Amino acid sequence: SAPVVSYDAVLGGWGKRAADVVLVLLSAPLWAPLLGIAAGVSKLRHSAPVFLTEERIGYGGHAYQRFSLRIEPPTQKVEEIVTAGDESEQARAWRVIETHAEDRRAKWVHALERLPQMLNVLRGEMSIVGPSPLTRGELEPLKSAKRHYLSARPGVVGVSVILDGHEDTTAQYKAYAMSWSFLTDALIFWDALKSLRDRGELWRPGFARPKADAQRAVIVRKRSNG
């Protein structure tokens, strides 16, 4: 019921939106059958709901339902974690579970679970690359970083990889908003794809930040007001 506040023009404007739609439609012959197969196999493996929806906050404060796929039923320990506490605590628990995959199989499982979010991209609620979608409870403590988060559509692929390990995680929103470019999105997305072959965190691959002039060109190039 809170009023929607427009902080900035949506990050990337119509160019980023058009690129998202074109990429999702062109790749549909790949991800749509894969989604159908994964959903069918999941339904045969367990009786829990296969398709899930969770409220997230997007550009300008709009609430939307984020789609996801449950490939494997949660273990009893995971159920205890995600059913305890308030909504923000549950979301943080799921994010830890999703992003700290230790083997290649687990990373592919979590990647498949995000395939339904391509529908969120088509609906204009998400982008292929952008800040990881937050709940209302997670958004409130951001303070000054809230403005930068709300200026972009949340992404299927998160942008936390643009930060150094010692930086505050809330700095990712400002860093991404101030340095956005199509090249930045392409590098983050490519690193996410490469990470599926390696051990490590799912959507937080080892994004090698460029040095010297390359760093200034890709990471800290300020977005114009136009």
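Student: Why does R56 count as buried?
Tutor: Its relative accessibility is 5%. Buried means under 20% relative accessible area, exposed means over 50%, and partly exposed lies in between, with a 1.4 Å probe and protein chains only. R56 is under the 20% limit, so the word is buried. The model is predicted: local features need pLDDT of at least 70, side-chain atom pairs count only at pLDDT 80 or more, and totals for chains, interfaces and linings use all residues. Residues are numbered from 1 along each chain as its sequence is written, and side-chain values use heavy atoms, with hydrogens and water left out.

Student: What makes R56 and E54 a salt bridge?
Tutor: The closest N and O atoms of R56 and E54 are 3.7 Å apart. A salt bridge is a side-chain nitrogen of Lys or Arg within 4 Å of a carboxyl oxygen of Asp or Glu. The pair therefore meets the definition. E54, at 21% relative accessibility, counts as partly exposed. E54 and R56 are also linked with R66 in a network of salt bridges.

Student: How many salt bridges does the structure hold?
Tutor: It holds 7 salt bridges. One of them joins R136 and E55, with the closest N and O atoms 3.9 Å apart. This pair links distant parts of the chain: R136 is in helix 6 (residues 136-139) and E55 in strand 1 (residues 51-57), 81 residues apart. Helices (H or I, at least four residues) and strands (E, at least two) are DSSP runs, numbered from the N terminus.

Student: Why are R136 and E55 called partly exposed?
Tutor: R136 has a relative accessible area of 32%, and E55 is at 30%. Both values lie between the two limits, so partly exposed is the word for each.

Student: How do you know that the span of helix 9 agrees with its number of residues?
Tutor: The expected span is 1.5 Å times one less than the number of residues. For the 14 residues of helix 9 (residues 182-195) that should be 20 Å, and the end C-alpha atoms are 20 Å apart, so the two agree.

Student: Which residues of helix 9 are buried?
Tutor: They are T184, D185, I188, D191, A192 and S195. These residues cover an arc of only 135° around the axis, which puts them on the same side of helix 9. The arc is that of the directions from the helix axis to the C-beta atoms.

Student: What do the side chains of D191 and K194 form?
Tutor: They meet in a salt bridge, 3.5 Å from N to O. D191 and K194 both lie in helix 9, 3 residues apart, about one turn of the helix. D191 counts as buried at 11% relative accessibility, whereas K194 counts as partly exposed at 31%.
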